[in-house]
Amino acid sequence: MERRRLTKEDVEAQVSALTPGKGIEAKFYNKGGAVVVTFVCSKGEDGLTRRTFSIGRKSRMLHDCSIFGTAWQKLIEEYKLQPPKELTLIMVSKRMTEQITSFQKIMRPYNHDYAYPVNEGRMQAESLNRKRIQDYNERKDEFCHSVGLRRIKLFLNNLVKNGDHVAKMYRIALEIEGVNLAAKKALMKYHSDYNNYNLKESMLHELIALCLANNVCYGIQRSTAPAASQVIYFELPDCEQISFHTNLYDASKLPAYKGEWDGQNCSTMRKLESAIWTRYKSLLKEKYKIA
C-alpha cells in the first residue's frame, strides 16, 4: 500500500522546525522518477536564520524558502514536481554549509523576504528555456502532420541538392534551433558546451550569407538578456519572424533590425513547421501519402 503524498503543510511544519545546521531531504517525484530536494537551515554572520532549498544532489543553486508558499509553488508548478512521500532528517554537509555562507555574503545587501533568492531574470530565462526544450521534444515526432522532424530534414536535404535556396534556409534554421537547445541544456546543468555555441554562431553566419544572396530580411538588435549581447532576427520566406540570442563577434558589421520582436516566446519550431508545410504541402502530401 503506497503511503500518502505529504501535503504542503506537512513539509512546511518540518522545514519551519529546523534548527541551524540541520536539513531535510525530500524525494519529490516527476515523470523521470525521484528528485531530491534538500531543505536546510543556517545562521549567517549577521546572526539571522536562513532557510533555503536546492533541487538535485549536484545542484549549486540555492533558492530562498523564507516564504514557504512561494517555494512550494516553484517546486510544484515551475519544476513540475509532485509532493514527497517522506522526509529524512540529515546533517548539513560542510560543502552545503560553505555554499549557504557564500550565498548569504553575496545577497546580504538585499536582506529581506523577496530579494535574496537567486536572480529572478536568470530564473525566468531558465523557465523559458525549459519550455522551448519541451516544445522541441514534443514536436519532433508530430512535425508537419506526423512526417517527423528527421524525415523533414531529409526531405529538405533533397530539395537543397536540387538548388532550392529557401529549403536550405529552413534546414539551417532547424539545425540552429537544435544546437541552440543543446547548448541551453548544457548550461542548465551548470556547465557550458562552448562547441555548441561556436557551431550555432557558424550556422548563423551561413544563414546570414543566404539571406544576403537572396534578398531576405534579417537584422540585429541589442539584447537585454544577461548571457547574450545581441538578438538576430530573420524573416524567411513564408515564415513568421524567428530570432536567436547570440554573441556574434562581427555584430557591428551587421544591419540593424528595423522591426520589433513579435512577443512570441518559444515559437521558433512552430513557425518553421508552419512555413515548411505551407511552402511544400503538395510535395509532402504526395511523398508521405498524407490525406
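Which residues of the largest nonpolar core touch the most other members? They are L156, Y170, I232, F234, L236, I276 and Y280, out of 47 residues in that core. A nonpolar core here is a set of buried Ala, Val, Leu, Ile, Met, Phe, Trp, Tyr and Cys residues joined through side-chain atoms within 4.5 Å. Buried means under 20% relative accessible area, exposed over 50%, and partly exposed in between, with a 1.4 Å probe and protein chains only. Helix 7, residues 165-188, gives the most to this core, with 10 residues. Helices are DSSP runs of H or I, at least four residues long, numbered from the N terminus.

The model is predicted: local features need pLDDT of at least 70, side-chain atom pairs count only at pLDDT 80 or more, and totals for chains, interfaces and linings use all residues. Residues are numbered from 1 along each chain as its sequence is written, and side-chain values use heavy atoms, with hydrogens and water left out.

Take F234 next. Leaving aside neighbours within four places in sequence, F234 is in contact (heavy atoms within 4.5 Å) with L204, L207, I208, C211, C217 and Y218, among others. The list also includes E240, Q241, I242 and F244.

Now the charges. A salt bridge is a side-chain nitrogen of Lys or Arg within 4 Å of a carboxyl oxygen of Asp or Glu. The count comes to nine. E177 bridges to R132, with the closest N and O atoms 2.8 Å apart. This pair links distant parts of the chain: E177 sits in helix 7 and R132 in helix 4 (residues 120-140), 45 residues apart. Both E177 and R132 are buried.

E78 is partly exposed at 27% relative accessibility, whereas K74 is buried at 15%. D262 pairs with K271 at 2.5 Å between the closest N and O atoms. D262 counts as partly exposed because its relative accessibility is 30%. K271 is buried, at 3%. D135, R139 and E273 are linked in a network of salt bridges.

Finally, confidence. The pLDDT is the predictor's confidence in each residue, from 0 to 100. The chain averages 83, and 81% of the residues score at least 70. Over residues 106-118 the pLDDT is below 50, although this stretch has 25 contacts beyond near neighbours in sequence. Residues 188-192 also stay under 50, with nine contacts beyond four places in sequence. Where pLDDT is low, the predicted coordinates should not be read in detail.

Terms used. Helix = DSSP H or I, 4+ residues; strand = E, 2+ residues; numbered from the N terminus.
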